[in-house]
Amino acid sequence: MSTPDGGHVFEVRSSVERFDGPVFSVVTDEVTMPGGGVAARDYVRHVGAVGVVALDADGRVVLVEQYRHPVRRRLWELPAGLIDVQGEGLPEAALRELAEEADLRAGRIDVLADLHTSPGCSNEMIRVFLARDLTPVPDGERHERHGEEATMRVARVDLDEAVAMVFTGALTNAAAVGGLLAAARARDAGWAPLRPADAPLPTAGAGER
């Protein structure tokens, strides 16, 4: 993207796909550098995701504990998932994930934050929503969980206690860290920073796909 003073533009000269999977692909781009050189940059092209800070009437947030194989451990996270249903909007995806992972519905949903989870190696963005006015999904309509989700543990934690978990290192998932800190700040500001559920995503920079 252009620098503020109209300087160098990082132009993609070529792009080669090294791997293509259902969730992400691995790509090598040849990118122009300041001074006239060209450098190869490998990165993960991701479908994107949504996450939900679900806040109940008692000020507790819903956390899920799930096994994550790349780090070989169980992590406390927000209910979250991929943007992988054709034609589904981001608020609808967030509500679906909340129902599937926490057996909850929400009467109100707002945008908390948009996060690039690891921009040094991936273009993944996750939109984190705040969900309130929670009600349970009826027993007969609940999602049957498979794989790692079959052993998922769901807990409700006071929001301030969840924020404390960030600072003790008990909670390290990037989307959960960002979402919980944003939720605490928004609460303390009387929810004024919230954006509507259908707020547009941040504008992509030059060359971003």
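Q: Is R187 buried or exposed, or something in between?
A: R187 counts as partly exposed, at 28% relative accessibility. Buried here means under 20% relative accessible area and exposed means over 50%, with partly exposed in between (1.4 Å probe, protein chains only).

Q: What does the side chain of R187 meet?
A: The side chain of R187 meets that of D160 in a salt bridge, 2.8 Å from N to O. This links distant parts of the chain, since R187 lies in helix 3 and D160 in helix 2, 27 residues apart. D160 counts as partly exposed, at 43% relative accessibility.

Q: What counts as a salt bridge, and what counts as a helix?
A: A salt bridge is a side-chain nitrogen of Lys or Arg within 4 Å of a carboxyl oxygen of Asp or Glu. Helices (H or I, at least four residues) and strands (E, at least two) are DSSP runs, numbered from the N terminus.

Q: Where do these values come from?
A: This is a predicted model, where local features need pLDDT of at least 70 and side-chain atom pairs count only at pLDDT 80 or more, while totals for chains, interfaces and linings use all residues. Residues are numbered from 1 along each chain as its sequence is written, and side-chain values use heavy atoms, with hydrogens and water left out.

Q: Thanks! How many salt bridges does the structure hold?
A: The structure holds 21 salt bridges. One of them joins the side chains of E65 and R153, at 3.2 Å from N to O. E65 lies in strand 5 and R153 in strand 10, so this pair ties together parts that are 88 residues apart in sequence. E65 is buried, with a relative accessible area of 13%, whereas R153 is partly exposed at 44%.

Q: Which residue does R142 pair with?
A: The side chain of R142 meets that of D103 in a salt bridge, at 3.8 Å from N to O. R142 sits in the loop between strand 9 and strand 10, and D103 in the loop between helix 1 and strand 8, 39 residues apart. R142 is partly exposed at 36% relative accessible area, while D103 is buried at 14%.

Q: Back to helix 2. Which of its residues are buried?
A: Helix 2 covers residues 159–168, and its buried residues are L159, A162, V163, M165 and V166. They cover an arc of only 145° around the axis (taken from the directions from the helix axis to the C-beta atoms), which puts them on the same side of helix 2. On the other side, F167 and T168 are exposed.

Q: What do those buried residues pack against?
A: The buried residues of helix 2 pack against strand 5, strand 6, strand 10 and helix 3. Contact means heavy atoms within 4.5 Å.

Q: And what happens at the ends of helix 2?
A: D158 caps the N-terminal end, with a side-chain oxygen 3.0 Å from the backbone nitrogen of D160. Just after helix 2, G169 takes a positive phi of about 85°.

Q: New topic: where is T32, and is T32 buried or exposed?
A: T32 is in strand 2, residues 24–32, and counts as buried at 7% relative accessibility. The side chain of T32 reaches the backbone nitrogen of E11 at 2.9 Å. A polar atom of that side chain also lies 3.3 Å from the backbone oxygen of V9.

Q: Last one: where does V16 sit?
A: V16 is in strand 1, residues 12–20, and is partly exposed at 38% relative accessibility. Leaving aside neighbours within four places in sequence, V16 is in contact with V26, V27 and T28.

Definitions and conventions. Polar contact = N/O pair within 3.5 Å; in protein donor to acceptor, adjacent residues only side chain to side chain.
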